[in-house]
Amino acid sequence: MNKTYKVFGAIAAVTMLMGLAEARADGDTGRFMKVGSVASAPAGHTGFCMEFPDECQSRGDQPVVVKIDSDRWDELIAINAEVNRRIRPVTDMELFGVEEYWTYPTDGAGDCEEYVLEKQRVLESRGWPRSALLITVVKDTNNSGHAVLTVRTDKGDVILDNQIEAVLPWYSAPYRFVKRQSASNPARWAAISDLRVSTVASLKN
């Protein structure tokens, strides 16, 4: 969870954006996560909502996706990289003395949830709608729980991660996607139907 993998440079990022833009309309099912039934909120997020209730209030706005262009894409890449550099990776046990605690990285340290919460906060401060910035729980290649930030764009769902430097389409990440925040209510969560054979096969039993 603490290691950052440098996967793509600027050229690869531009290529990725072009690939998203050129995706066929009938491929929407693959570009967007299939979200289904209601799921339980992670215990850490429930605690976060108790500590920061304003961050978990439904604002009554219609959920939206972000119209992505080269400027917005560059901003995503820059913020993902900046937050990854700024936060020092430390486990909750080392930092707080508990297994799971979600909060903002006020001391410049934290684990994956702190990275995600900070990216969500910074993007919202730059004018990105909260309904398009969803905390998402996945299983990583060690079959361990991990959190990433899903950004909902008109070209598909992309993720910001502290393990992988590149901003990737969700289906390109080597994770199994489990659940994410509701776009209409940040305190609620929904299950993700992730049936990609290659992803599931890459996980250890």
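This report describes the overall make-up of a predicted protein model and then some of its local features.

**Overall make-up**

The protein has 205 residues, of which 45% are buried. Its secondary structure consists of 7 helices and 9 strands. Among contacts with a separation of 6 or more, 63% are between residues 24 or more positions apart. The accessible surface of the protein is about 10,300 Å². Carbon and sulfur atoms hold 53% of that surface.

**The disulfide**

The count of disulfides in the model is 1. A disulfide is a covalent bond between the sulfur atoms of two cysteines. Here the partners are cysteine 49 and cysteine 56, with their sulfur atoms 2.1 Å apart. The angle about the S-S bond is -85°, and the link of cysteine 49 and cysteine 56 is left-handed.

**Aromatic pairs around tyrosine 104**

The model contains 6 aromatic pairs. One of them joins phenylalanine 48 and tyrosine 104. Why does this pair count as edge-to-face? The ring planes of phenylalanine 48 and tyrosine 104 stand at 75°, so the pair falls in that class, which begins over 60 degrees. The two residues come from distant parts of the chain, 56 residues apart. Phenylalanine 48 belongs to helix H3, residues 43–51, whereas tyrosine 104 lies in the loop between helix H5 (92–96) and strand E3 (109–110). Both phenylalanine 48 and tyrosine 104 are buried.

Tyrosine 104 also pairs edge-to-face with phenylalanine 52.

| Aromatic pair | Distance between ring centres | Angle between planes |
|---|---|---|
| Phenylalanine 48 and tyrosine 104 | 5.5 Å | 75° |
| Phenylalanine 52 and tyrosine 104 | 5.3 Å | 75° |

Phe48, Phe52 and Tyr104 make up one aromatic cluster. Phenylalanine 52 has a relative accessible area of 24%, so phenylalanine 52 is partly exposed.

**Arginines over rings**

Which residue has its charged end over the ring of tyrosine 104? The residue is arginine 121, whose charged end is 4.0 Å from the ring centre. Elsewhere, arginine 72 lies over the face of tryptophan 128, and the distance to the ring centre is 4.6 Å.

**Asparagine 143**

The backbone at one position also deserves a remark. Most residues other than glycine have a negative phi. Asparagine 143, however, has a positive phi, near 65°. Where in the chain is asparagine 143? Asparagine 143 is in the loop between strand E4 (133–139) and strand E5 (145–153). The relative accessibility of asparagine 143 is 29%, so this residue counts as partly exposed.

Definitions and conventions
Residues are numbered from 1 along each chain as its sequence is written. This is a predicted model: local features need pLDDT of at least 70, side-chain atom pairs count only at pLDDT 80 or more; totals for chains, interfaces and linings use all residues. Side-chain values use heavy atoms; hydrogens and water are left out. Helices (H or I, at least four residues) and strands (E, at least two) are DSSP runs, numbered from the N terminus. Buried means under 20% relative accessible area, exposed over 50%, partly exposed in between (1.4 Å probe, protein chains only). Contact means heavy atoms within 4.5 Å. Accessible areas come from the Shrake-Rupley method with a 1.4 Å probe; for residues, only the protein chains shown count as cover. A disulfide is a pair of cysteine sulfur atoms within 2.5 Å. Rings of Phe, Tyr and Trp (its six-membered ring) pair if their centres lie within 6.5 Å; planes under 30 degrees apart count as stacked, over 60 as edge-to-face and the rest as tilted. A charge sits over a ring if NZ of Lys or CZ of Arg is within 6 Å of the ring centre and within 35 degrees of the ring normal.
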